[in-house]
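This report goes through one protein chain, from single residues to the fold as a whole. The structure comes first.

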Amino acid sequence: MAARKKIKTANIDVPAAAAGRLEAPAPTPRDMTRGPLSSPSALIDAISAYDGSVDAELITRAYGFSQRAHASQTRASGDTYFSHPLEVAGIVIQMKLDSATVVTALLHDTVEDTLATIDEIGAQFGNEIGRLVDGVTNV
């Protein structure tokens, strides 16, 4: 088998054939809590752009729940931990997924990293969200 020529791209060795397909990652704010999706209404507006049946009340409650649950946590960088679920929600919104999936993104680490439980998530957000969060935390 012939050796594949490698080139250097963004400090990562990749096969030359793949180099043209690589795209630079989209820049993201250091702390998403100060970025373009930094409020429940910004999330709702972003979802509304592709989904007319956005559940604004559910998004607002999940945003607040996750923000409160992660309030005392910070990342090694000093950013608030809540920036992570907010980034995940942003990714899910870029994929144009529904309100339940965005809520799951906001809540996904609450049962792993805070005192919140799956039962509490189910009670406050419904069985579907409880099952989705449980499933994501088991991945």
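## Asp79 in its loop

Asp79 sits in the loop that runs between α3 and α4. In this predicted model, Asp79 has a relative accessible area of 6%. Because that value falls under the 20% cut-off, Asp79 counts as buried. The side chain of Asp79 makes a polar contact with the side chain of Ser77, at 3.3 Å.

How many salt bridges does a search of the whole structure find? The search finds 1. The pair is Arg61 and Glu57, whose side chains meet at 2.4 Å, taken from N to O. Side chains of opposite charge can pair when their charged atoms come close.

Both partners belong to helix α3 and are 4 residues apart, so about one helical turn separates Arg61 from Glu57. Are the two residues buried, exposed or partly exposed? Arg61 has a relative accessibility of 32% and counts as partly exposed. Glu57, at 46% relative accessibility, also counts as partly exposed.

## The largest nonpolar core

The largest nonpolar core has 26 residues. The members that touch the most other members are Leu43, Ile59, Leu107, Phe125 and Ile129. At least two residues of this core come from each of α2 (40-48), α3 (56-69), α4 (83-94), α5 (99-107), α7 (118-125) and α8 (127-137). The helix that gives the most is α5, with 6 residues. In soluble globular proteins, nonpolar side chains tend to be buried together.

One contributor, α2, has the buried residues Pro40, Ala42, Leu43, Ile44 and Ile47. These buried residues of α2 pack against α3, α4 and α5.

## Leu107

Leu107 lies in helix α5 and is buried, with a relative accessible area of 0%. Which residues does Leu107 touch, not counting those up to four places away in sequence? The contacts are Ala62, Phe65, Ser66, Ile121, Phe125, Ile129 and Val133.

Two of these partners, Phe125 and Ile129, are named with Leu107 among the core members that touch the most others. Leu107 and Ile129 are 22 residues apart in sequence, and the distance between their C-alpha atoms is 9.0 Å.

## Helix α7 and its two sides

Ile121, Gly122 and Phe125 are the buried residues of α7. Seen down the helix axis, they fall within an arc of 100°, so the buried residues line one face of α7. Elements that cover them include α3, α5, α6 (110-113) and α8.

The face turned away from the buried side of α7 carries Asp119 and Ala123, both exposed. After α7 comes Gly126, which has a positive phi, near 100°.

## Thr137

Thr137 is placed in helix α8. With a relative accessible area of 14%, Thr137 is buried. The side chain of Thr137 reaches the backbone oxygen of Asp134 at 2.9 Å.

Leaving aside neighbours within four places in sequence, what is Thr137 in contact with? The residues are His108, Val111 and Glu112.

## The chain as a whole

The protein chain has 8 helices and 2 strands. Along the sequence these elements follow the pattern β-β-α-α-α-α-α-α-α-α.

The chain has 139 residues, of which 37% count as buried. Considering contacts between residues at least 6 apart in sequence, 54% join residues at least 24 apart. The accessible surface of the chain is about 8400 Å², and carbon and sulfur atoms account for 54% of that surface.

Definitions and conventions: Residues numbered from 1 in each chain as written. Predicted model: local features only at pLDDT ≥ 70, side-chain atom pairs only at ≥ 80, totals over all residues. Heavy atoms only, no water. Core = buried A, V, L, I, M, F, W, Y, C linked by side-chain atoms within 4.5 Å. Buried < 20%, exposed > 50% of the residue type's maximum accessible area, 1.4 Å probe, protein only. Arc of directions from axis to C-beta. Contact = heavy atoms within 4.5 Å. Salt bridge = Lys/Arg side-chain N within 4 Å of Asp/Glu carboxyl O. Areas by Shrake-Rupley, 256 points an atom, 1.4 Å probe, with all protein chains shown as cover. Polar contact = N/O pair within 3.5 Å; in protein donor to acceptor, adjacent residues only side chain to side chain.
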